[in-house]
Each structure stands twice: as C-alpha cells, then as structure tokens.
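Subject: Structure handover

Hello,

Here is the structure I promised to pass on. Please open it alongside this message.

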Amino acid sequence: MASAGDPPTGQRDAADQNFDYMFKLLLIGNSSVGKTSFLFRYADDSFTPAFVSTVGIDFKVKTVYRHDKRIKLQIWDTAGQERYRTITTAYYRGAMGFLLMYDVTNQESFAAVQDWATQIKTYSWDNAQVILVGNKCDLEDERVVPTEEGQRLADDLGFKFFEASAKENINVKQVFERLVDVICEKMNESLEPSSSPGSNGKGPALGDTPLPHTSSCPC
C-alpha cells in the first residue's frame, strides 16, 4: 500500500525494473480525436475537457498484470498534425501495438484512418497489432460515423475495433487490455528462445525509441 511519502504511481512504474515484458504502444490519429485524454484516463484515471495540442510526442508508463505476467507498458502519445509527421513516424519502429483513433463526431478523422493505417504498414514492425478506436461515443447526438462503418473499416483493415469515451471512461481499460492480450497471443504463436522481443533484432527493442520531445498534454 502506498504511503503519503511515496512517489505518484506513474513515477513508480517508470522507475520499476521488475517486469516480465515491456511493450511499446503508440496512440495515433488526427489531431483533436482525444488521444491524450484517452491516455490520461487510462494511466492516471483523469480527464480534462480543455484541448491543448500535443507538441511532437509524449509518453507515460503503466505496469499491468496479464496472463500471470507483469507487463510494463510504454505508451506514446503522438501529435496528429501533419507538421509533426516526420517526428512521430520515427517512433513507429519497435512499436508492438497501435491504437489508431478517430472521433465518431468528426468525419474527416474517420476518412484519415486509411492513411494512418498505411503509415503503420510503412514504418512499423511487420507483426505490430492494431486496434481501431472510435472515441467520443458519449456524444451520440453529434455522431456522424455509425458504429457499423467503424466495424466495417476495421474488418477491411484486419484490425480489432472498439468504440470508447475518455470522458465517460467507456472501454478505455478494455481497449488497452485487448491490445496487450493480442500482442501476448502473437508472441506465444511465434516465440522461440532466440526470437523474444528485443533479444537479437528479430523483435522490437525498446532501445529503438528516440528520446521524447517536449509536450503539453492536459487536453
């Protein structure tokens, strides 16, 4: 049990070296779809309605228990604006999972999913797992992207699909847990003593990740 003098959970997770696996995950998608809010809801169980664009890239660390394993998640929050694209795509290398997010109230963000999916295919590890997330599902009166369209696109792309809401904390934990589960499933299918992630270049290594840029992320 944490005492009053203990550092915040995120700091403890970042410093903790006692884990079985470390997974690098990326949140990608257009600006203002709610990537940062989604990450803050998951990592800190907090939500701030004010929107401030992420500058470049930022990350949080969270340790979870799945399948009797202690898994350290390094979750990167990327800027959606085009001007940051060359920065953010450099972080795709070595990522084991992606949350590709659109806003169910924003048709443009949904139309951009195909382009983001192409970037994943172009810049990431071949075996990276992807979940398509339709965020802001609490705004039903403002919805312009039907659930069925999101599911159909995910099926076409071969991705898992969730609708979620960072504001109302709907499916946030479930999305991350499902992504971790599918990564574990894929590892179990292909894992050999010489090909564990990061061991000899066959899998993604956390050392592939550049240092983070400064970010303002209270959105």
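This is a predicted model: local features need pLDDT of at least 70, side-chain atom pairs count only at pLDDT 80 or more; totals for chains, interfaces and linings use all residues.

**The core**

The largest nonpolar core has 29 residues. Phe 23, Phe 38, Leu 73 and Leu 99 touch the most other members. Strand S1 (21-29), H2, S3, S4, strand S5 (129-135) and H7 each supply at least two residues of this core. The top contributor is H7, with 9 residues. In general, nonpolar side chains tend to be buried together in soluble globular proteins.

**Helix H2**

Helix H2 covers residues 35-44. Of its 10 residues, 8 are buried, so the rest of the structure largely encloses this helix. The buried residues are Lys 35, Thr 36, Ser 37, Phe 38, Leu 39, Arg 41, Tyr 42 and Ala 43. Asp 45 follows H2 and has a positive phi, near 50°.

**Aromatic pairs**

How many aromatic pairs does the structure hold? There are 8. Two are worth a look.

Start with Tyr 42 and Phe 176. Their ring centres are 4.0 Å apart and their planes lie at 10°, so this pair is stacked. The cut-off for stacking is under 30 degrees. The pair links distant parts of the chain. Tyr 42 sits in helix H2 and Phe 176 in helix H7 (residues 172-190), 134 residues apart. Are these two residues buried or exposed? Tyr 42 has 8% relative accessibility and counts as buried. Phe 176 is buried as well, with a relative accessible area of 1%.

Now take Trp 76 and Tyr 91. This aromatic pair is tilted, with 5.0 Å centre to centre and 45° between the planes. Trp 76 lies in strand S3 (residues 69-78). Tyr 91 lies in the loop between helix H3 (85-89) and strand S4 (97-103). The pair therefore ties together parts that are 15 residues apart in sequence. Both Trp 76 and Tyr 91 are buried.

Ring pairs also join Phe 38, Tyr 42 and Phe 176 into a cluster.

**Charges over rings**

Two lysines come up here. The charged end of Lys 62 sits over the ring of Tyr 42, 5.2 Å from its centre. Lys 60 lies over the face of Phe 40, at 4.5 Å from the ring centre.

**Positive phi in the loops**

Lys 136 has a phi near 70°, which is a positive value in a residue other than glycine. Lys 136 is in the loop between S5 and helix H6 (147-157). At 22% relative accessibility, Lys 136 counts as partly exposed.

Asn 171 also has a positive phi, near 65°, and is a residue other than glycine. Its place is the loop between strand S6 (160-163) and H7. Asn 171 counts as partly exposed, at 23% relative accessibility.

**The second largest pocket**

This pocket holds about 200 Å³ of space. Which helix gives the most to its lining? Helix H5 (residues 113-123) does, with 5 residues. The lining divides into 7 nonpolar, 3 polar and 2 charged residues. Among the lining residues are Gln 114, Lys 121, Trp 125, Asp 126, Leu 157 and Phe 159.

Best wishes

Key:
Residues are numbered from 1 along each chain as its sequence is written. Side-chain values use heavy atoms; hydrogens and water are left out. On a 1 Å grid over the protein atoms alone, a cavity is a set of points where a 1.4 Å probe fits but cannot get out, and a pocket is an open set with protein on both sides within 12 Å along at least five of seven lines; lining residues have an atom within 4 Å of a point. Grid points are joined across faces, edges and corners, and a volume is the space filled by probe spheres set on the points. Helices (H or I, at least four residues) and strands (E, at least two) are DSSP runs, numbered from the N terminus. Ala, Val, Leu, Ile, Met, Phe, Trp, Tyr, Cys and Pro count as nonpolar, Asp, Glu, Lys and Arg as charged, and the others, Gly among them, as polar. Buried means under 20% relative accessible area, exposed over 50%, partly exposed in between (1.4 Å probe, protein chains only). Rings of Phe, Tyr and Trp (its six-membered ring) pair if their centres lie within 6.5 Å; planes under 30 degrees apart count as stacked, over 60 as edge-to-face and the rest as tilted. A charge sits over a ring if NZ of Lys or CZ of Arg is within 6 Å of the ring centre and within 35 degrees of the ring normal. A nonpolar core is a set of buried Ala, Val, Leu, Ile, Met, Phe, Trp, Tyr and Cys residues joined through side-chain atoms within 4.5 Å.
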